[in-house]
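Subject: Structure handover

Hello,

Please find the structure below. My notes on it come after.

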Amino acid sequence: MKSTLIPKAILVLLLLNSIISKADFPTQTRENNTVDNEVINGLDNVYNLRFNDAESIFRNIQKSNPADLRGYFYESLIYFYKALPTRDEALFEKYLSLSEDVIARSEKLLEKNENNFDAMYYKGLSHSYRSLLMLSLNKSLLKAASNGNDGYRILSALTEKNPEYYDAYMGLGLYKIAIGFVPEKFRWLLSLIGFSGNIREGMNLLKKSLAKGHYTKTDSKVFLSIFSIKEKEDEDTQSLTFSKELTEEYPESPVFKVFYSGLLLQYGFSEEAVNIADIAIEQNKFSFKEEIIKAASALKGSAFFRLNDYKKCSENLEMYMKYVNKEDRYNVYMFTLGAAYELQGNRQTAIEKYKSVQNNFIAERDGELDKLFYRYAQNKIKSPLSEFDKKMIKGMNLRESNKTDDAISVYNEYLKPMESGNLFSDDEKIRFYYDLGVAYTYKKNSDKAAEFFNKCIKLNPQQEKWLVPHSYFELGKIYFKNNNKKKAEEMFETVYSYDDFDFESFLEMRLANYINK
């Protein structure tokens, strides 16, 4: 695989941070400064994972100011964040109940005054969060879409009536980005119901809420950090910059450390990723203790695998496995754990791990990664890692740890054998040529990269068919950077001619992000 994905557990924790932020530049009417200060104190507790303290503050606001929506809205979001990583059905239902109450209270206020901007905001945002949670937990798509549409409609109306209600732009920006990432095959439906996405426009809306929002500065920065991630060869570190700033603004927050560690790993800074994850574990004293340990352990295990330290990799992934629940999508880690044991010479334990991958989520909306690693695990149960497999792993780890020259040297050991006779299958060849092409892409040698990606598209693999459309994407990027826009467009269009392949949705998201950057 080309790049280190932010682990599923980390993505959950990223969303955990997307609660409302501390205000620096108030631009919206706040009639009760005391409540405003209490909300800010409560949110500081949330950022530092002191959920019990935060909930106490928000309930006190409800008692002292029963007509103020903020106490109810922010209490509801605590349960949103409790339900999101745990997938606990009771917590999910609790959030739905609390958010329904916020919506009902908002509607009563709007019956009295249709221009009550705060009521519009909290009603629209509640619908948006309901949609997000339903999608994240694989609940009803119809209900998720209905809530998402309601949220977008209400927040749009709010900004039309009051363009200076800057907090609303965050919700609108996220919606624009989310729709922009929808796979090509579903866009006709969105067009039919009148919604269109625009990633660039969404990013600009997030920047507006970051600059001028009252409660949305921090969560806007979180999402900008997520959606600022570019192709690794672009060497754009804006995402890292945003994430590091969050750790500096909230130095006691373990969740921001986990977030930053995940991005460091994705950018190839494996040693630093381990160090930051260790700090997160040290700071892990309040809410979500198990989730922080789970996420940090997954990060450390992945980082040590990148560093070819398979003993420490297995130790940390074993720790991760202690905290997984039946709803987690963990095949990538279970497979990596099996490979780590096999690379230490422990084939029997490796087989046990390969057999432990799950197949009951591969058809789910978020099961794409699980499906791929389920297939890999079944293959490795039947046959051990070959010397070729081991070299490919070593090369990949070096490449993804920013040691491109060393990676190319490892790959070159197989270059001549790969091109002579029928020693290797097309599945092995496409893995080899694709990985070598990526290494040359990182090295910014577009001619050599194109040479190997062109070899990929001429092959006929049986198992690794997914690497053909992925190779067309890589060729499109090369043509685009060489100012051959017509040829780039041809390559990108060819990607869409393929269907039902591994990592299809992920590739379409990368493509959407690339052409809209």
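The notes below go from the whole chain to one helix.

This is a predicted model, where local features need pLDDT of at least 70, side-chain atom pairs count only at pLDDT 80 or more, and totals for chains, interfaces and linings use all residues. Residues are numbered from 1 along each chain as its sequence is written, and side-chain values use heavy atoms, leaving out hydrogens and water.

The protein chain has 27 helices and zero strands (DSSP runs numbered from the N terminus: H or I of at least four residues for helices, E of at least two for strands). Of its 517 residues, 57% are buried, meaning under 20% relative accessible area with a 1.4 Å probe, protein chains only.

The largest nonpolar core holds 155 residues, and Tyr 129 and Phe 432 touch the most other members. Such a core is a set of buried Ala, Val, Leu, Ile, Met, Phe, Trp, Tyr and Cys residues joined through side-chain atoms within 4.5 Å. Helix 4 (residues 69-86) gives this core its largest share, eleven residues.

There are zero disulfides in the whole structure (pairs of cysteine sulfur atoms within 2.5 Å). Cys 313 is buried at a relative accessible area of 0%, and Cys 456 is buried with a value of 0%.

Helix 19 (residues 368-382) has 15 residues and spans 22 Å from first C-alpha to last, close to the 21 Å expected at 1.5 Å a residue (1.5 Å times one less than the number of residues). Its buried residues include Asp 370, Phe 373 and Lys 380. The buried residues of helix 19 pack against helix 17 (331-343), helix 18 (347-354) and helix 20 (387-400), with contact meaning heavy atoms within 4.5 Å.

Regards

Technical notes
Buried < 20%, exposed > 50% of the residue type's maximum accessible area, 1.4 Å probe, protein only.
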